[in-house]
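My notes follow the order in which I looked things up.

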Amino acid sequence: MGRAEVRIIGAGLAGSEAAWQCARRGVEVELYEMRPLRSTPAHQTPDFAELVCSNSLKSDSENTAPWLLKEEMRRAGSLLLQIARQCAVPAGHALAVDRVTFAAKVTEAISQEPRITVRREEVTRIDEGGQHITIIATGPLTSETLAGEIARLSASPEESDLEGTTRPLPHQPAPPSPHLYFYDSISPIVEADSIDMSRVYMAARYDKGSADYINCPMTQDDYGRFYDALLAAQSVEERDWEKLNYFESCLPIEEIARRGRDTLRFGPMKPVGLNDPSTGRMPYAVVQLRQENLRADSYNLVGFQNHLKFGEQARVLRLIPGLQNARFLRYGQIHRNTYINSPTLLRETLQMKSHPRVLFAGQICGVEGYVESIATGLIAGMHVSALANGDEPVPPPRASAFGSLTHYVTHADARNFQPANITFDLLPPLEEKIRDRKQRHRLQCELALKNFEKWMQNSEINAMKA
């Protein structure tokens, strides 16, 4: 049977990985990216796979849930994970990358692949019934026009299932969708040589991994001044058609602070496990800075996403010890995230139930996080390759991280669906109850990898037959 043409919309993390997976299986791909013709509120470059919120791809500690997902991705031949390791910067036990180098290398690899044709244009129409197989991987900042088109595809006679489109301005057409969405956030970045190193120290929490984080220690008085200034700072004005509905695990620091005077000390400013070598004691609070690029000339304020005016950010953040003369390369920002109600719309293969030649991947399908976005792009690319060869795609096993992630996305409570990161809570429990958490997680990882390897072998055998 002849191979069908594949179109992938969006050259972010998921779309780039999906295109690569198709190409390495001999499938011709058209990859559409609207940047630089049209940008978004968060992107700054035309490069593929641009990381806009952070540079961390989460824990690399063995037998953690993020490690398990990355290990499955490695065994499945993830291009983006391979490039991430080439661009890694020191981050203790986490995998963090030089964002500029990472995006540039992904763009180069995808652009040079002969089976991938890159088209720099905005897609505004989905041909769900034609010859093409389509992966929609437009991410959390899908354009309003395409969001309306997705709403059309997902609409039932009673309602639409597109989550995340904002209420339009008066001159814009109203997309046929309810207004359930969340906002995501970006942390500030400071120049390294503007940090007063005499007032900070290098350490990793509990000395786990290498001491790659800059730690800004606070006394109780320091914290009090910072907290009061933060609460008094002016936020960016909320437009009358907006309702800020933040993702709970990515709250702006001022939102966390409003929940109580000590909430920051139990959140992004937690000092536990970070003893100050100058005193031998744990500080009252700590702000951690993570290296942003390979040159080590910029640092990210970990967990310090916010919705404050830029001038207010400079004033408040310079109250942090060591940052009194900080020069900001980027201020914190808030941007809209768009996602579909996947439990209603998608099969476990990420195909639409009503339009099986249309698949979704990345954050728009309801996963949260860079690693999760790449993973769903990888699996969508594998499934599309099967479809292009006239085969039926087979979802990954439930016991695997891949299978658990796609199972959650497609089986969660549709009435209360929220995007999710990979956690052990998503994996099925072991048949035998094991109280020791480390042992339980180790056994879950072993079982997951065993099942995933068997599924991969069967998938590759079927691909070779085609």
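I took accessible areas from the Shrake-Rupley method with a 1.4 Å probe; for residues, only the protein chains shown count as cover. On that basis I get about 20100 Å² of accessible surface for the protein, 49% of it belonging to carbon and sulfur atoms.

The model is predicted: local features need pLDDT of at least 70, side-chain atom pairs count only at pLDDT 80 or more, and totals for chains, interfaces and linings use all residues. I number residues from 1 along each chain as its sequence is written, and side-chain values use heavy atoms, with hydrogens and water left out.

**Confidence.** I checked pLDDT, the predictor's confidence in each residue, from 0 to 100. The protein averages 87, and 88% of the residues score at least 70. Residues 157-162 fall below 50, yet this stretch has 21 contacts (heavy atoms within 4.5 Å) in the model beyond near neighbours in sequence. I noted residues 164-180 as well: pLDDT stays under 50 there, and the model has 38 contacts for them beyond four places in sequence.

**Whole chain.** I count helices (H or I, at least four residues) and strands (E, at least two) as DSSP runs, numbered from the N terminus. The protein has twelve helices and 18 strands. Of its 466 residues, 58% are buried, meaning under 20% relative accessible area; exposed is over 50%, and partly exposed lies in between (1.4 Å probe, protein chains only). Among contacts between residues at least 6 apart in sequence, 71% join residues at least 24 apart.

**The sheet.** Which order do the three strands take? I read β3-β5-β4, an open sheet with antiparallel pairing; strands pair if DSSP finds at least two bridges between them. β3 (56-59) and β4 (88-89) are the edges, each with a single partner strand, so one side of each has no neighbour in the sheet. Two bridges join β4 to β5 (residues 94-97). I found Ala88 opposite Val97 in β5. Helix α3 (residues 79-86) packs on this sheet and touches β3, β4 and β5, its direction making about 85 degrees with that of β5. Helix α2 (residues 65-75) lies across β3 and β5, at about 115 degrees to β3. My axes are lines fitted to C-alpha atoms, for helices over the stretch in contact, with angles from 0 to 180 degrees between N-to-C directions.

**The loop.** Is Pro277 buried or exposed? I find Pro277 exposed, at 63% relative accessible area. Pro277 sits in the loop between α7 (253-257) and β13 (285-291). Its C-alpha is 9.2 Å from that of Met202, 75 residues apart along the chain.
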